[in-house]
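Hello,

Here is the structure I said I would pass on. My notes follow below it.

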Protein chains: 2
Amino acid sequence: LAAAPAADWRAIDPQTMLVMDLERGGRIVMALAPDFAPVHVSNIRALAATHWFDGQSITRVQDNYVVQFGDASKTPLPSGVVSPPPAEYDRPLAGLGFRPLGYRDPYAEFTGHVASWPVARDGDRAWLTHCYGILGVGREAPPDVGSGAELYVVIGQAPRHLDRNLALVGRVVLGMEALSALPRGTAVMGFYEKPDQRIKIRSLRIASDLPAADRPRLDVLDSDSKSFALWSQSRANRPESFFVRPAGAIDVCSALPPVRVRPG
Amino acid sequence: LAAAPAADWRAIDPQTMLVMDLERGGRIVMALAPDFAPVHVSNIRALAATHWFDGQSITRVQDNYVVQFGDASKTPLPSGVVSPPPAEYDRPLAGLGFRPLGYRDPYAEFTGHVASWPVARDGDRAWLTHCYGILGVGREAPPDVGSGAELYVVIGQAPRHLDRNLALVGRVVLGMEALSALPRGTAVMGFYEKPDQRIKIRSLRIASDLPAADRPRLDVLDSDSKSFALWSQSRANRPESFFVRPAGAIDVCSALPPVRVRPG
């Protein structure tokens with residue numbers, strides 16, 4: 001990775017990056033994926049722009065599953081939020097530059113990447129995959145599809161059975177530990193039993209709305225680059241002397257494109 | 001699960017169950033798998049019987065990877081510990097009642113279960129898989145194979161590239177949150193930077209060495225039972241009204257046989 005040329009990293013656009021600061025400390029940075037859930041992403045940007053999440057809480061931490069925050073029951077939603085949005089659980093494959101990873105997957109015909117996102121596809125549809133750190137939109141039973149006012153992040157083994165059942169909108173790219181190491185909730189489904197156990201959100205902002213000095217400068221390795229191909233091959237066939245038997249394969253959720261703080 | 005008859009649960013043998021109590025609270029119970037790594041398991045039982053781990057620490061918590069505890073550098077090892085043990089990274093398939101799960105896997109020809117353990121196999125070899133909560137033996141570079149004096153537990157996306165590269169010896173069956181929610185270490189590979197950040201182990205015992213009243217009474221769903229077949233089918237094809245599109249598949253690390261506290 002250290003040898004990857006600058007051109008093999010793509011800057012994460014501050015317009016589609018969220019910065020969540022917790023009251024007791026901890027900053028979580030999330031990249032959004034408007035190509036996969038444009039209306040949900042637009043909603044979340046409108047919610048962040050109007051400071052919807054400020055003062056709300058992380059309400060649920062279920063071990064080996066998800067952290068959940070926000071409040072889908074709060075009304076009214078700010079203007080600019082489309083409710084209900086369409087069910088953006090998958091999308092046409094056409095128009096996406098899908099690069100297959102090349103290994104079997106239990107759940108999908110093919111897995112691989114689109115513009116540094118983990119993606120699965122079948123004949124003519126494509127969707128983001130529920131991997132560690134992925135960001136999704138909570139919802140109630142169908143026909144609810146969620147507005148974006150309540151979000152979740154995966155903190156365990158990839159719950160791929162949720163693929164194509166919920167709108168995935170992005171990925172945690174920095175500060176994952178501030179979510180994954182939180183105390184687990186002890187009520188059903190990992191909800192915190194008492195309100196004072198909840199973790200308060202000080203602010204959640206679109207990165208481009210932050211002062212320049214406070215704005216994260218992050219790059220993700222371009223999944224179409226030679227460096228990414230080399231990286232994923234070496235993850236599948238570890239050359240390090242520690243290994244006695246290279247796996248010869250990698251799954252899509254173990255091949256999330258690396259993120260770095262932009263040097264300089 | 002509530003409908004599963006008593007015969008579909010198998011008692012976890014206290015002779016091959018470990019109970020680790022942390023100094024600041026938290027009990028972790030681990031079931032051992034002597035059929036897959038008999039010498040390593042025998043070593044760990046000898047270490048626990050002589051209170052080897054008492055007063056030692058959790059030294060490493062690497063996000064989305066492993067928690068590590070014990071100390072492989074401490075000498076002398078108690079008598080009864082075979083050092084070095086054989087490299088018990090896989091074993092002959094013969095003699096195991098392997099039940100295939102029936103879905104594709106990125107890493108192995110087949111995945112499924114043997115006596116409620118998650119297992120992969122190829123032509124004539126079988127091995128435990130690196131799933132969330134699995135217990136393994138830390139080692140240095142080859143030819144080291146680890147003695148059992150330093151152990152790790154997986155706390156993230158299944159690192160299946162480690163399969164057949166390390167000795168897996170068991171699985172956390174209760175109290176996983178006491179490991180998975182620990183603060184992440186900030187040194188290289190998630191080691192704690194300062195000794196006082198380490199989490200002290202008050203005691204680690206074979207369950208059968210504990211007073212009867214303090215001994216966990218746990219069952220695991222028998223992977224050869226009708227109840228397990230129904231459970232894993234319903235995990236692959238969720239009948240709940242929440243789902244709009246059943247996955248039609250499940251991966252071996254999402255199909256860990258459920259554990260319960262024995263009723264009565």
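I start with one loop of chain A: A115(A) lies between β8 (110–114) and β9 (117–121) of that chain. This is a predicted model, and in it the phi of A115(A) is near 50 degrees, a positive value in a residue other than glycine. As background, most residues other than glycine have a negative phi, and most peptide bonds are trans.

The peptide bonds also have exceptions to list, in chain B. S83(B) and P84(B) are joined by a cis peptide bond with omega about 0 degrees. P84(B) belongs to the loop between β5 (66–70) and β6 (91–92) of chain B. Another cis peptide bond links P142(B) to P143(B), with omega about 15 degrees. P143(B) is in the loop between β11 (134–137) and β12 (150–154) of chain B.

How many residues does each chain give to the contact? Chain B contributes 41 residues and chain A contributes 41 residues. Between them the chains bury about 3,800 Å², and 53% of this is on carbon and sulfur atoms. On the chain B side, the residues that lose the most area to chain A are R104(B), Q157(B) and F242(B), together 18% of what that side buries.

As for polar interactions across the interface, 22 residue pairs are in polar contact between chain B and chain A, with both residues at pLDDT 80 or more. The side of chain B that touches chain A is made up of 20 nonpolar, eight polar and 13 charged residues. Two salt bridges are counted between chain B and chain A. In a salt bridge between the chains, the side chains of R245(A) and D90(B) meet at 3.8 Å, N to O.

Over all chains the count of salt bridges comes to 28. Among them is a pair within chain A, where the side chains of D90(A) and R125(A) meet at 2.7 Å, N to O. D90(A) sits in the loop between β5 (66–70) and β6 (91–92) of chain A and R125(A) in strand β10, so this pair ties together parts that are 35 residues apart in sequence.

Last, the disulfides. A search of the whole structure gives two over all chains. One of them is formed by C131(A) and C253(A), with their sulfur atoms 2.0 Å apart. Which parts of chain A does this pair tie together? C131(A) is in the loop between β10 (125–128) and β11 (134–137), and C253(A) is in the loop between α3 (226–236) and β16 (259–261), so the linked parts are 122 residues apart in sequence. The torsion about the S-S bond of C131(A) and C253(A) is about -75 degrees, and the disulfide is therefore left-handed.

Regards

Technical notes
Residues are numbered from 1 along each chain as its sequence is written. Chains are lettered from A and ligands numbered from 1 in the order in which they are written. This is a predicted model: local features need pLDDT of at least 70, side-chain atom pairs count only at pLDDT 80 or more; totals for chains, interfaces and linings use all residues. Side-chain values use heavy atoms; hydrogens and water are left out. Contact means heavy atoms within 4.5 Å. Buried area is the accessible area (1.4 Å probe) that two parts lose on being put together, summed over both. A salt bridge is a side-chain nitrogen of Lys or Arg within 4 Å of a carboxyl oxygen of Asp or Glu. A polar contact is a pair of N or O atoms within 3.5 Å; within protein, one must be able to donate a hydrogen and the other to accept it, and residues adjacent in sequence count only if both atoms are side-chain atoms. Ala, Val, Leu, Ile, Met, Phe, Trp, Tyr, Cys and Pro count as nonpolar, Asp, Glu, Lys and Arg as charged, and the others, Gly among them, as polar. A disulfide is a pair of cysteine sulfur atoms within 2.5 Å. Helices (H or I, at least four residues) and strands (E, at least two) are DSSP runs, numbered from the N terminus.
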